[in-house]
Structures are given as C-alpha cells and as structure tokens.
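Subject: Structure for you to look through

Dear colleague,

I am handing over a structure for you to look at, and below it I have written down what was found. Please keep the picture open while you read.

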Amino acid sequence: MDDRLTEQELVRREKAAALKEKGIDPFGDRFDRTHNTETFKAAFSRFSKEELHDLPNPEIVRIAGRIMTRRIKGKAGFEHIQDQYGQLQLYIRQDVVGDEQYELFTSGDIGDIVAVHGTAMITNTGELSLKVTNYLHLVKALRPLPEKFHGLVDVEERYRRRYLDLIMNDKSMATFVLRSKIIQKLRDHLNAKGYLEVETPVLHPILGGANARPFTTHHNTLDMPFYLRIAPELYLKRLLVGGFDCVYEIGRLFRNEGMDTKHNPEFTTIELYLAYSDLEGMMDLCEELIAEVAQATIGTTTVTFEGEEIRLARGWKRAHMLDLIQEKTGIDFRKITDFEEAKAHALSHKLPVEKHMTSVGHIVNLFFENFCEKELIQPTFVHGYPIEVSPLTKKEPGDPRFTQRFELFIGGREYANAYTELNDPLDQKERFLNQLKEKALGNEEANEMDADFVEALEYGMPPAGGIGIGIDRLVMLLTGNPSIRDVLLFPTMRQRAK
RNA sequence: GACCCGCUAGCUCAGCAGGUAGAGCAUUUGACUUUUAAUCAAAGGGUCGGGCGUUCGAAUCGCCCGCGGGUCACCA
C-alpha cells in the first residue's frame, strides 16, 4: 500500500474524522429506499413542472447514490447522484434542510454516497429533479474520482480498477448489465425447454474434451496434480450415460495460451447435450438460441460488428468445409487421399506443416483455417471436419475420413463447436490412442487417454448432439465490443510492479 | 514470444532543436437561493513509470527493466 497521501486524500480523511466527531458514521449503514433513479423517473416524468409544484400531497421519496457533480451557489445548490440505473439531480436549499444538513451537503465530496428524502420537481431548465427535504451522509469516499467530463480513459486503469470504470463510464456499465442479461436469457431459453443446469468438476485429473494447453495445479492432501479444465465435455457426456436427457453447464474454462483481443486465459462457455439428437438438431438449436437471445436482449437480430452488418435471424448458411476450400483455392480434397500429395499442396500454399500432422485431414484443416475462416462474415455452420482433429465426434456415415461436426463462424471468428457425439466406446478408444500418438509427435494440445470415460461409454450413451458456445464472444458481438477485455469484468492482467 | 506505440498532478492532456515543470477538471479559501462541463477571485498540489548512461545541465537524447495497448504467431 502507498502510505503517502495526496492533499485531496488528507482533506477527505479529515472530513471523515469530522463526521465521526459529530456522531455520524463516515461509513454508514442501511438506508431503505423507496426509489432508484430509474423508478423515480418512471414515476414522475409524466408530470409537468406546474403539476409537480402544485401537487397537494407530494410523495416523499427516499433515494441514495454517489455524488457525481456539485454546483453550490451560496445558500442553495445542486448535485447529481448516480446509482446503477443512471443519475438524478438533487436541489438542496439551506432554508429547507436546515443549517446542519446544509453543512453536510457543502462539506461533502464528489464520490461520497448520500441518502436523501424529498419531492419531485422540475427546474427552470426543465430537468426532473428531487427537491431535498432531508440530506444524510452515508459513505465517505477517501479518494477522489476521475475527472467528470472525460471520465476514466486510461485502458489499463479501466481494467485494473473496473469499479472506477463502472462508475465513470456508463457505456461500460451498460455492457456488463447486458452481459448478465444475455446469460440470463440463455438460461431462460434452455430451462423453458426442459434442460437442467449442472455443475461438473473444474479440477480434472486427465486432460480432455478439447485441444488446448492447460494450467496445472496440485492438490496437497491427495498429493496429485490436476489440470484446470479446458472443457467440460467428458463429464457432461457421462451424465448422458447416467440418464440425464438434456443438460447444460455455463462456466469458466482455462487455457494456457496466448492473450489478445479475442482470447483470455479464463473464459466462459455454455456447453449443452441433448440425448437422441444429432448435428442437425444442434444447428437448429444454435441459431434459435442466438437469434432469440439477441432479440430478447438488444431488441434486434441485426448487429454491426467491426464495420460489418451481421444478420442473426434464423436460416443460417450451412457449408461443407471441402466446398469452402475448393471455392477459395480450387483444390478438391474429396479426390485427395494421399498425404504426400496433400502436403505438397500445403507447402506450395506456404502453410506450416508440423510434425504431428501426418494425414490428409490435418492438411484440410490447415487449408480451412488459413483460407476460409476469415471470409465467413454472416453466420455460417461449417461441417465436414476431418476425423484427425475431431477425436470425440461421430464419423460421417458415408465417409469415415470426416466427422459429424460443425463450427459456427460469424465475422470470421469461431463462436460454437458442435458434434453428433461419438458414442461408440471402441471407436472412442481408438481415437484416444491416435491422440496419444500425436502427443508423442509433439502436439501439446492432444487429448490424453481417458479410460474411465471409455468405460462409461461401454455402459451405453444414447445418440446425442452436443454444442459449446463461447459466451464472451457472443457478448462482444451483441454489445459491439471488439476486445474480449471489454466484456470481462476483471480481465487477466500481469501483476503490477510495486 | 516478435515488432510498433504509450506511461508527465487524483483524472484528462500540453510540454520533446536538452536550460529551474504547465492547463482544464478536482482540492482549499472567499462571493453567489433554479444551476447543470455553473460562474467569478485567490491559493496549494509533481522523485515527469523505474534504473543506468551521455551532458555543465535530461520529462526531452541513448541503453536496460517494468506495466499497458495494437499487430502478428498459437488458440476459442
């Protein structure tokens, strides 16, 4: 802690001490409000200035909030207080509240939290305000707020001290309120369809469910290592074996990868499974879910993101990966079965072929990621993923080189990943063995063998569709924020030097 | 991890052919009973991100370090 106080901090500490001497707790207690700034405006904005002035029995309302601006003009003054919903102007007159309370008003500071009683009024400039009859101090702010006009601009400070960002930038507050509502609507929608929300372990003894580098930790009593989960998939599927019909989990995943405007080491997804469904079922559910959440939260299914108008209304494009690659490069991978031929195409397109890429499917995936993803602006389900990169997905019935998997792309970014779930334990075991081979060849993101999961499948998992949707990215899209850090309340930051 | 940019008062920013550090808001004091980026008058407030170097002299030039942002790479 910095123990050198600025002049302003000293003054505020002295003011706190002075309050205490008067018998007022500088960090006060409960105050029962009748209104917040929003309900106050809803209740009184229908009246004219004259009507409010002439009300025979004006309602005494009780409101609390943080002082954001002050204009003291001798024996009367104004200030705006703010709560989560907005601001409200207070009009305080010495001849109404009395000398003691007027002194509380004039000696208060921007940033303090106050509580008032009063009646609605409209000022000469037409602003619905509160004429204060009782002015109470609630909480002293020992530090000054950022400047009122520009607010808090410094990006680092906005992330490290998000509370100041929320106080000063109403756009930031709006983003996080919307984030909560988006998640709430996801829940509402699924709950209404009969899905059950479940919680599965965050500490995983075995790496699986996705391809990613993990965080590792250690449990002292068990004296064993754990991974922070990179995906909840294998646990949720065990629940399908157990008889759950449709489940979902909203929660944090952890991946020890790079950070940028689209990636944070911890991020939030919703993952859900529906027994007796398949990939088609997941496509229908996905577009229904996102279109309806958009409509319910931002009131439209058309959004502008990074200069592109994106239409989320249902009826999204569905495309086979091989067709997209052929469109962009002219190469028809349906006809290529020889790895060396595929590799030669990759090299002539300057694609980096890594050691663990040992079959055509790896090259197909490489082509798709490098030439197709960025072009998919309108919502597009891309299906036909190679089996090599889809170790948990059921094969295409007609062509075992590919799987019943899709990813959803919007604005050139992945938003969701879905499968017809692999429920054949013998096939699953083989896939795990292939993953182990890749791991041996240097693919750090390969799955580990999860024998316990295979055993669960041996008891029989119903045919099922499953999907995971990146919630942070969905929030970015619906709130128009191009950086993931602007939709995370407390984005991961390096510890600041003392 | 690489490259580019930034870091000056509580906040927002000037100052950078090197010559004792500035403004606005905020703070303090005074005036003001419908103001709203209130106004008017006066005052206080800084190890210029940290360190080393060049120099008679560094916020300014050089090197190293820290933190952040952007782009790229890996990934969702």
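How do the residues of the surface near RNA strand B divide into nonpolar, polar and charged? They divide into 16 nonpolar, 16 polar and 22 charged, where Ala, Val, Leu, Ile, Met, Phe, Trp, Tyr, Cys and Pro count as nonpolar, Asp, Glu, Lys and Arg as charged, and the others, Gly among them, as polar. A residue is called near the strand if one of its heavy atoms lies within 4 Å of it.

Before going further, please note that this is a predicted model, in which local features need pLDDT of at least 70 and side-chain atom pairs count only at pLDDT 80 or more, while totals for chains, interfaces and linings use all residues. Residues are numbered from 1 along each chain as its sequence is written, chains are lettered from A and ligands numbered from 1 in the order in which they are written, and side-chain values use heavy atoms, with hydrogens and water left out.

The RNA

Of the 54 residues around RNA strand B, those that come nearest are Asn124, Thr125, Lys148, His263 and Arg473.

Threonine 123, by contrast, has a polar side-chain atom 2.7 Å from a base oxygen of RNA strand B.

The helices

Helix α13 (residues 425–440) and helix α14 (residues 451–458) have axes that come within 9 Å and cross at roughly 165 degrees, the axes being lines fitted to C-alpha atoms over the stretch in contact, with angles that run from 0 to 180 degrees between N-to-C directions. Angles under 35 degrees count as roughly parallel, over 145 as roughly antiparallel, 65 to 115 as roughly perpendicular and the rest as oblique, and α13 and α14 are therefore roughly antiparallel to each other. Pro425, Gln428, Lys429 and Phe432 of α13 make the contact (heavy atoms within 4.5 Å) with Phe453, Val454, Leu457 and Glu458 of α14. By class, this contact of α13 with α14 has five nonpolar, one polar and two charged residues.

The axes of helix α8 (residues 233–241) and α14 also come within 9 Å, crossing at roughly 25 degrees, and α8 and α14 are therefore roughly parallel to each other. Here Leu234, Lys237, Arg238 and Val241 in α8 meet Asp452, Phe453 and Ala456 in α14, and the residues of this contact divide into four nonpolar, no polar and three charged.

Tyrosine 235 also lies in helix α8. Leaving aside its neighbours within four places in sequence, tyrosine 235 is in contact with Thr200, Pro201, His204 and Pro205. The C-alpha atoms of tyrosine 235 and histidine 345, which are 110 residues apart along the chain, are separated by 39 Å.

Finally, the axes of helix α7 (residues 170–192) and helix α9 (residues 279–298) come within 9 Å and cross at roughly 130 degrees, which makes α7 oblique to α9.

Key. A polar contact is a pair of N or O atoms within 3.5 Å; within protein, one must be able to donate a hydrogen and the other to accept it, and residues adjacent in sequence count only if both atoms are side-chain atoms. Helices (H or I, at least four residues) and strands (E, at least two) are DSSP runs, numbered from the N terminus.
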